[in-house]
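This report walks through one protein model, from salt bridges and rings to overall confidence. Please keep the sequence and the 3D view open while reading.

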Amino acid sequence: MATATASYLCFLSKTPEFSLPSHSLSNFYFKPIFSSCIPINNTFYKPANNVKLYKRLNRRLSCNNSCSSSQYEFSDGSSEIELRLQLGTGEDILSSKDVFVDAHGSSLTVRLKLFGSLLTLIETHQLFDQIKPSETIWYIDDDQLVISMKKQDPELKWPDIVESWESLTAGSMQLLKGTSIYLVGDSTEINDKVARELAVGLGYTPLSTKELLESFAKQTVDSWMLSEGSASVAEGEYAILESLSSHVRAVVATLGGQKGTSARADKWRHLYAGFTVWLSQTEAEDEDSAKEETRRHVQDGYLGYSNADVVVKLHGWDADHAKSVAQASLSALKQLILSDKKLPGKKSLYIRLGCRGDWPDIKPPGWDPSTGADASSATMEH
């Protein structure tokens, strides 16, 4: 029997700190998974003299988990985005007074007054990014409802109106700029499963330090630990991560639990080369408790995982939900990068300077991590 899984999405940002509105977090429960549109209820709106209109709306505008292009037309015009919803034809066209558009920073609800009741055409609490609600306009063009919204960030290209797996994987390419992703946390299995989903979605190369270690050592990680201890395994993974740190467009699954490098705070030198996601299992029963647990772990700093860029909390685990955890991870990374668009370039610079362990305060070329001195200061001393 499949185990019910809920996810709590928590963000860690070294510079600057930020958080998502609480309503955004509720979208990361996995049953139902990312429901962003309210389907038309087939038990309503069936008066005999309007069956033609009802069937047309039901076919074109109903949504299940996330709206698809078959229900609407979407375009990104740089500073503005446009959404077109099909209303009907001929005698079926509605008056503008029967249309209600409610736009907020990250949400959109569109309803029609139909046969004395309100019909929800689209309702999403997770637009792909923020809009300027006060500058939203809409009008009826022949048989379509046209909604024009101004983007908060005109430089960000929206692949779609809603944040979904498809839009995130397409949109993340412009944000990540080839930077690799490292998955760390409590479980090697979870890291592996989610890494493969991310790699497929992004077109990245999936890599597993467990597989690479076992191929090199000609034995399993468990047998290695029994014979030489966890410290030896961690050193082996550290060497693997050093060789991978110069790679781009890779999703790297690391060893989970206390077995590997990522659990040791002093071994993160090469993990900083990419964006790190901590997939953290929790017993918390609600989002507030999960966020408080995350804050406590980060403040304590006793776990190496607290060095991660973002945290995704998992209550339970089911391999069938790996793609949903991957989607939550991309959403977290998107928000992190949008808070500081220089992060991918900074990661690239960190790699070019040799992954010296000076993240996030990158020192000048010539800096010696063993002495803490750079070449310019050494010259001045002499």
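Which side chain meets that of Glu163 in a salt bridge? The partner is Lys334, at 2.6 Å from N to O. The model is predicted, and the sections below take its parts in turn.

## Salt bridges across the chain

The whole structure holds 18 salt bridges. In the pair of Glu163 and Lys334, N and O are 2.6 Å apart. This pair links distant parts of the chain, 171 residues apart. Glu163 sits in the loop between strand E8 (144-151) and helix H3 (165-176). Lys334 belongs to helix H9 (residues 322-339). Both Glu163 and Lys334 are buried.

Lys259 and Asp222 form another salt bridge, at 3.1 Å from N to O. Here too distant parts of the chain are linked, 37 residues apart. Lys259 is in the loop between strand E11 (250-253) and strand E12 (275-281). Asp222 is in helix H6 (residues 221-228). Lys259 has a relative accessible area of 27% and is partly exposed. Asp222 is partly exposed as well, at 46%.

Arg84 bridges to Asp141, with the closest N and O atoms 3.3 Å apart. Arg84 lies in strand E3 (residues 80-86) and Asp141 in strand E7 (residues 131-141), so the bridge ties together parts 57 residues apart in sequence. Is Arg84 buried or exposed? Arg84 is buried, because its relative accessible area of 17% falls under the 20% cut-off. Asp141, at 29%, counts as partly exposed.

Salt bridges with shared partners connect Glu82, Arg84 and Asp141 into one network.

Strand E7 also holds Thr136. Thr136 is buried, at 18% relative accessibility. Leaving out residues up to four places away in sequence, Thr136 touches Ala103, Ile131, Ile147, Ser148 and Met149.

## Aromatic rings and charges

A pair of aromatic rings is described by the distance of the centres and the angle of the planes. The count of aromatic pairs is five. In one of them, the ring centres of Tyr350 and Trp359 are 5.9 Å apart. Why is this pair edge-to-face? The planes of Tyr350 and Trp359 meet at 75°, and angles over 60 degrees count as edge-to-face.

Tyr350 is buried, at 1% relative accessibility. Trp359 is buried too, with a relative accessible area of 12%. Both rings belong to one aromatic cluster, formed by Trp268, Tyr272, Tyr350 and Trp359.

Trp359 has a charged neighbour as well. The charged end of Lys346 sits over the ring of Trp359, 5.3 Å from its centre. Elsewhere, the charged end of Lys313 sits over the ring of Trp278, 5.5 Å from its centre.

## Pro344 in helix H10

Pro344 is placed in helix H10 (residues 343-352). Pro344 is buried, at 4% relative accessibility. Which residues does Pro344 touch, beyond those up to four places away in sequence? They are Leu175, Leu176, Lys177, Thr179, Phe275 and Ile337.

The C-alpha atoms of Pro344 and Lys177 are separated by 6.5 Å, although the two residues are 167 apart along the chain.

## The fold as a whole

The protein has eleven helices and 13 strands. Buried residues make up 51% of its 382 residues. Take the contacts between residues at least 6 apart in sequence: 71% of them join residues at least 24 apart. The accessible surface comes to about 17400 Å², and carbon and sulfur atoms account for 50% of it.

## Confidence

How high is the mean pLDDT of the protein? It is 80, and 76% of the residues reach 70 or more.

Two stretches stay under 50 in pLDDT: residues 13-70 and residues 376-382. For residues 13-70, the model has 125 contacts beyond four places in sequence. For residues 376-382, the model has zero such contacts.

Note on methods
Residues are numbered from 1 along each chain as its sequence is written. Side-chain values use heavy atoms; hydrogens and water are left out. Helices (H or I, at least four residues) and strands (E, at least two) are DSSP runs, numbered from the N terminus. Buried means under 20% relative accessible area, exposed over 50%, partly exposed in between (1.4 Å probe, protein chains only). Contact means heavy atoms within 4.5 Å. Accessible areas come from the Shrake-Rupley method with a 1.4 Å probe; for residues, only the protein chains shown count as cover. Rings of Phe, Tyr and Trp (its six-membered ring) pair if their centres lie within 6.5 Å; planes under 30 degrees apart count as stacked, over 60 as edge-to-face and the rest as tilted. A charge sits over a ring if NZ of Lys or CZ of Arg is within 6 Å of the ring centre and within 35 degrees of the ring normal. pLDDT is the predictor's confidence in each residue, from 0 to 100. A salt bridge is a side-chain nitrogen of Lys or Arg within 4 Å of a carboxyl oxygen of Asp or Glu.
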